[in-house]
Every structure is written in structure tokens, then in C-alpha cells.
Amino acid sequence: MSDDPITARLMRQAMPVFTILASCLLVVTIASMLYFGRDIIVPVVLAILLSFVLVPAVRVLRRAMVPRAAAAPLVVVAAFAAIIGVGLLITTEAGQLASDLPRYQITIREKIASVKEATSGSGTLSRIVDMVQDLGEELQPAPSKDEDLPGRSGSRANPLHVVVATPQAALATTLGAFVGPILHPLATAGLILLFTIFILLQREDLRNRAIRLAGSGDLRRTTAAIDDATSRLSRFFLAQLALNIAFGAVIGTGLWVIGVPSPILFGVLAAILRFVPYIGGAISALLPLILAAAVDPGWSMVIATALLFLIVEPIAGHVVEPLLYGHSTGLSPLAVILAATVWTFLWGPIGLVLATPITVCLVVLGRHVDRLWFLDVILGDQPALAPPEIFYQRMLAGDPAEAIEQGRQVLKARALVTYYDEVVLAGLRLAQDDLARGALDRSRQSEVGAAIRTVVDRLKLAPIKRSGSAGNAEAAAAIAAAGPDSSSAGIVLARDDLAAKWRGATPILCVSSRGPFDEAATLMLSQILGRHGLAAQMTSLADLRADKRPERADEIAMICFSYLEPVSLSQIRLTVRQARKELPGVKVLVGFWRERDPSTLDRLRRTTSADVLVTSLNDALDAALRYAAPGRAGRG
């Protein structure tokens with residue numbers, strides 16, 4: 001950094017631009033390496049992914065006392081033999097199908113004619129059918145016309161054969177043109193074979209090197225993270241492989257029952273193409289549908305084939321997949337589409353098949369390696385912000401409707417008091433922090449406070465009984481962050497359950513402090529108490545100090561003071577003494593919604609003359625239930 005203050009200031013201003021340019025250069029460099037080095041990188045990636053699938057088989061052989069030096073090559077060779085067998089099967093079935101295709105030309109022409117006749121009244125459909133028929137005629141080989149031969153007219157003649165002599169090609173060129181297309185796949189397969197064997201043989205050593213690269217400051221945590229990541233990936237790839245094989249088997253069997261030719265070929269292709277995200281199942285249905293239309297003079301086979309795919313694919317994707325490896329691959333839908341596009345551009349069709357597995361690996365690395373956290377944020381399906389941050393952001397954006405809908409999703413699985421405690425009240429603390437830093441002006445404070453009160457007011461109608469589960473990733477994250485409900489969350493007191501002093505119309509008085517967000521916190525407290533059979537009324541400290549007595553003051557059994565903003569202990573002691581003076585015998589509860597430090601809470605309990613001091617709505621509910629109905633609350 002320069003000593004000149006002007007130069008230093010200019011450099012600080014230009015630093016974000018340099019950072020962006022460096023990031024773009026890094027992305028371009030990595031993409032170039034992946035593109036130009038694909039002949040080497042693709043075999044390595046395939047070997048790594050294949051090793052995840054074969055690790056369980058190696059472990060089984062190791063438990064059977066087979067040495068690692070023999071177990072790894074044996075498993076890899078068996079896997080490659082199975083792959084080669086599948087390839088030969090596809091080749092044989094495809095050749096048989098190609099030889100049978102000419103038999104279906106008459107059926108195809110009749111189908112086109114029938115469709116053309118049925119759509120003769122529709123200009124657009126008729127033109128489409130004409131175009132298909134013209135293309136079919138263009139693809140047919142043109143017949144020879146002997147009458148066009150020179151020197152002959154109307155009778156056959158032997159054609160004149162013309163031979164163009166070319167120089168004899170070099171032997172090396174001929175061998176290269178013939179052997180090249182064969183050697184390249186064989187060389188790639190050989191590289192994959194070798195890499196897979198060595199990865200399985202050196203698995204522990206590679207893990208140690210990965211730990212070193214990830215950072216070995218906390219060796220136990222890093223080892224556990226990498227072991228967990230590899231175990232999860234192995235289970236995921238095995239589950240995906242098993243599901244796709246089962247999908248192909250069901251499709252092949254169904255096509256055989258329907259009567260579509262070469263059902264084995266289409267079943268294998270369906271299993272392979274299903275590795276392609278989103279569109280793999282649809283692509284695998286195209287050829288069987290076309291062939292069914294060519295074989296069957298009617299339309300029953302086409303309809304049956306379409307129904308087969310329309311039934312099996314949704315069952316596999318929306319029923320079986322969640323049972324095998326969760327509701328998703330851990331990737332956001334946008335990330336899956338983006339990954340498929342990028343990897344297809346870099347590596348072609350093989351990149352499209354590998355897009356999802358590679359991206360899953362990147363997301364797992366992002367979740368377990370601190371230096372790669374951005375990968376999980378960009379590609380993962382987990383919310384980028386914590387549930388309280390999401391709630392507060394929507395309040396800042398003036399979008400309470402979305403927060404209300406999200407809250408209703410969470411309330412399908414959690415109690416309202418739990419949601420208020422862990423999400424809404426935590427979001428209020430974030431707003432209070434911004435207020436303390438001066439980041440919220442007065443108008444902004446009013447907007448955020450009004451939005452929060454709108455959410456609380458709309459959620460008061462949420463049912464107490466929960467059923468179902470969250471509907472999206474944000475709701476699921478909020479449920480996970482909130483944890484289980486407390487025992488008192490399901491208690492609703494009837495009038496007969498209450499002690500005599502608590503049977504008034506509003507036995508609890510909730511008092512909000514002077515902060516702009518204290519009213520929202522007090523409203524949540526009042527609402528929660530009311531939902532559990534303890535009716536409450538609200539007021540403010542300003543009204544109490546102005547000698548505005550609450551309604552039916554003689555029926556009040558408890559006063560709850562709500563504090564979200566920092567306040568001095570002397571003010572709290574004075575407020576509690578005044579409350580006891582005005583309403584003798586009343587129970588006093590003080591809620592510090594910001595304080596969670598145990599040592600500070602002990603000091604507050606010693607210096608505050610309140611009967612109960614709480615830091616959460618759940619604690620406040622527990623205390624109120626204990627005082628109102630000790631026996632009933634204890635059984636909750």
C-alpha cells in the first residue's frame with residue numbers, strides 16, 4: 001500500500017474492480033483447462049465417480065479376507081466386464097432393429113396418409129404432414145433411369161462403368177484412418193480402468209492428502225467431514241444406479257408386454273438416459289414411441305407406450321427417489337440446469353451425463369470444506385440465509401405476505417410459539433441490532449414494525465394441531481433450526497383448569513417497552529398466552545406512567561413486562577415496584593428477549609425483584625401455565 005493518502009484511497013476504490021477481474025480470469029482459466037484437457041480430465045473424473053460406486057464392493061471383499069491388492073482389481077475388472085457386456089448388448093439389439101426397419105415403411109406411409117386425411121381441413125397440420133412426407137421421399141434412394149443413358153432410348157442397356165484411378169494411399173494413413181476411431185475409446189477405457197484401480201488401492205492415502213489440502217488444523221473434524229462426504233456420495237451414486245437400472249428394467253418389461261420391438265435395447269437406453277437430469281426420461285421415450293407408431297397399424301401401441309413412461313417416470317422421480325436418498329440431490333433446480341449446460345459445453349454428451357454427479361460432489365465439498373463454502377451457497381438447495389435472516393429480509397423488503405405463507409408452511413410441523421421464538425423473535429433481534437447501529441431511520445423502523453405486526457396478526461389464526469411437513473427448503477430449514485416443540489406447546493387450558501384468581505376475562509396484562517419493535521414482541525406474547533387459554537390484554541409503559549389503568553385491573557393475576565431493547569436495571573426495579581404497589585399480590589414476569597448469556601441472567605435474577613425472568617416465549621408460557629394451573633401444566 002502506498003504512503004501517499006490519495007494513491008492509497010484510489011487503490012482501495014479500485015480493489016473491488018481488480019477482485020472482479022481476477023475472479024473472471026480465474027473462471028476463464030479453469031474453464032479453458034477443463035475444455036482443452038478433457039481427454040485426460042474426463043477419464044479421471046469417471047474413475048473417481050466409479051470408485052464411489054465400487055468402494056462398498058471392495059469393502060465386502062476385504063471383510064472376506066481378500067487382500068486389497070487383489071480386491072480392487074477384481075471389482076474393477078468385473079465392473080468393466082459388465083459395462084462391456086451392456087455395450088455389446090446395445091450393439092446387437094441396435095443392429096437387429098436396423099435390419100427390421102424397412103419392414104415398417106408401409107405402416108409409416110399409411111399412418112402419414114391417415115393423419116393427412118384427418119387433418120385435411122386444417123391448413124397448418126396438413127402442411128406439417130406434407131413436409132414430413134416430402135422429407136421421407138427425399139430420404140429414399142433415387143431409382144436409376146436407363147432411358148436417360150446416352151445412346152439408348154426406351155430400352156435397357158449395359159451402363160458405362162467409369163473408374164477414376166487415385167494414387168494409392170500410404171499404409172500409415174490408411175491404418176490411422178481405420179484404427180484411430182477404435183484406439184481412442186480403448187485408450188480412454190484403459191485410462192479409466194487404471195485410474196479406478198489406483199484410486200481404490202490408494203484410497204486412504206488420497207484421503208490423507210485431501211485432509212491436508214482442506215486444512216488439518218482440526219484433524220478430527222476434517223477427517224470426520226471427509227469420511228462423511230465420501231460415504232454420502234457412495235450411497236447416493238449407488239442408490240441412483242440401482243434406481244436407474246430398476247427404471248430401465250420396468251420400461252423394458254413394459255415395452256415387451258406391449259409388443260414394441262427390441263424392448264431390451266430401449267430398457268438399457270432408458271436406464272442410461274435417466275442419468276441426464278430432468279429430460280432423460282422424456283428423451284428415452286422418443287424412440288419407443290416412434291417405433292410403436294411404425295409397427296402398429298392403429299394407435300393403441302403408441303398410447304400404451306406413452307402411458308408406460310407417463311406412469312413410471314413420475315413414480316421413480318417423486319416416490320422412489322425421496323425414499324432412497326431424500327427429497328432431492330442437494331442441488332437447486334437452477335444449479336442442475338446450469339451445470340448440465342456448462343458441462344455439456346465443456347465435455348459434450350458425456351458432460352451432460354456427468355453433470356449432476358459432478359455438481360453433487362462440488363456441493364458436498366462446499367458443505368464440508370470451509371474454503372469452498374461458496375460452492376454450497378451457489379449450487380446447493382439449502383437457503384443461503386438463516387431463517388431469522390430470511391424473515392427480517394422480507395420485512396425490510398416490505399413483503400409480509402411471503403413471510404406469512406412461509407410461516408404457515410412451518411406451522412404444519414411446529415407450534416406457533418416455537419416459530420415465534422426461533423424465527424420471528426430472532427428476526428426482531430436483528431432489527432434491533434440494526435436500530436442500535438443507526439442503520440434504520442425512523443420511517444424504516446415504522447415500516448418494519450408494521451410488517452412484523454401484520455405477520456403476527458395474520459398467523460394468530462393458525463391451527464394448534466399440526467399435521468404434514470414443510471413444503472419447501474426454507475420451511476424445512478426453519479423447522480430444523482427451531483427444533484422440537486416444548487411440552488407446554490400442546491397445552492390449551494379450559495376455564496375449569498384455572499385457579500380461581502385466573503378466571504377473569506383477561507387475567508394477564510402484557511406491557512411493552514418504549515422501543516419501536518417492543519410492541520411486536522409483546523403482541524406475540526399476548527397472542528401465545530391467549531391461544532393456550534390465558535386471555536391477555538396489552539398496554540405500554542407510557543400508558544402506565546400516564547396513570548391509564550388497564551381494563552378490569554382488579555382481575556389481573558400476572559403482569560408481563562416485555563423488553564427487546566437494552567434497558568437499565570434501575571428502571572426495571574422501579575417499574576416492578578410500581579406494579580406491585582398498584583396491584584398488590586400480582587405475579588410479575590419480566591421478559592428479556594435479547595439476553596441469552598447465563599451469567600448475565602443470574603445477575604439479573606438476583607437484582608430484579610420480579611417473580612419470573614425469561615428470555616423466550618416458551619419460558620414465558622411455561623411460567624404462566626405453572627401459576628395459572630399448576631396441576632394441569634405439570635401433566636403437560
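This is a predicted model: local features need pLDDT of at least 70, side-chain atom pairs count only at pLDDT 80 or more; totals for chains, interfaces and linings use all residues.
**The whole chain**

Start with everything shown as a cartoon. The chain has 636 residues, and 39% of them count as buried. Its secondary structure comes to 25 helices and five strands. Now think about contacts between residues at least 6 apart in sequence: 74% of these join residues at least 24 apart.

Two of them are worth a look.

Select 14-34. This span is 100% helix and 0% strand, with its end C-alpha atoms 31 Å apart.

Most residues other than glycine have a negative phi. Two residues here go the other way.

Go to Met-65, in the loop between α2 (38-63) and α3 (68-100). Its phi is positive, near 70°, and the residue is not a glycine. Met-65 is exposed, with a relative accessible area of 72%.

Move on to Ser-262, in the loop between α8 (219-258) and α9 (263-273). Ser-262 also has a positive phi, about 50°. Is Ser-262 buried or exposed? Ser-262 is buried, at a relative accessible area of 10%.

**Pro-357 in α13**

Select helix α13, residues 349-368, and find Pro-357 within it. Pro-357 is buried, with a relative accessible area of 7%. Show its surroundings. Leaving out neighbours within four places in sequence, Pro-357 is in contact with Leu-49, Phe-237 and Gln-240. Then draw a C-alpha to C-alpha distance from Pro-357 to Phe-236. The two are 121 residues apart in sequence, yet 9.1 Å apart in space.

**Helix α18**

Select residues 442-459. This is helix α18, with 18 residues. At 1.5 Å a residue it should span 26 Å, and its end C-alpha atoms are 26 Å apart, so expectation and model agree.

Now show side chains on the helix. Which residues of α18 are buried? They are Gln-445, Val-448, Gly-449, Ala-451, Ile-452, Val-455, Val-456 and Leu-459. These cover an arc of only 160° around the axis, which means they sit on the same side of α18.

What covers the buried residues of α18? The cover includes α15 (387-396), α16 (400-410), α17 (416-437) and α20 (518-531). Keep α17 on screen.

**The largest nonpolar core**

Stay with this region and select Tyr-420, Ile-508 and Leu-534. The largest nonpolar core holds 61 residues, and these three touch the most other members. Helix α17 gives the most to this core, with ten residues. Where does the core lie? Domain 3 (387-482) and domain 4 (495-628) both give residues to it, so the core lies between them.

Zoom in on Tyr-420. Beyond its neighbours within four places in sequence, Tyr-420 is in contact with Leu-425, Val-456, Leu-459, Met-524, Gln-527, Ile-528 and Leu-617. Of these, Val-456 and Leu-459 are among the buried residues of α18.

A second, separate core has 26 residues. To find it, select Val-42, Leu-233, Leu-354 and Leu-379, which are among its members.

**Gln-432 in α17**

Return to helix α17 and select Gln-432. This glutamine is buried, with a relative accessible area of 4%. Show what it touches. Not counting residues up to four places away in sequence, the list is Phe-517, Leu-564, Glu-565, Pro-566 and Arg-594.

**Val-588 in β4**

For the last stop, select strand β4, residues 587-592, and centre on Val-588. Val-588 is buried, with a relative accessible area of 0%. Finally, show the contacts of Val-588. Setting aside neighbours within four places in sequence, Val-588 is in contact with Ile-559, Phe-561, Val-576, Arg-580, Ala-610, Asp-611 and Val-612.

Key:
Residues are numbered from 1 along each chain as its sequence is written. Side-chain values use heavy atoms; hydrogens and water are left out. Helices (H or I, at least four residues) and strands (E, at least two) are DSSP runs, numbered from the N terminus. The expected span of a helix is 1.5 Å times one less than its number of residues. Buried means under 20% relative accessible area, exposed over 50%, partly exposed in between (1.4 Å probe, protein chains only). The arc is that of the directions from the helix axis to the C-beta atoms. Contact means heavy atoms within 4.5 Å. A nonpolar core is a set of buried Ala, Val, Leu, Ile, Met, Phe, Trp, Tyr and Cys residues joined through side-chain atoms within 4.5 Å. Domain bounds come from an automatic or database domain assignment.
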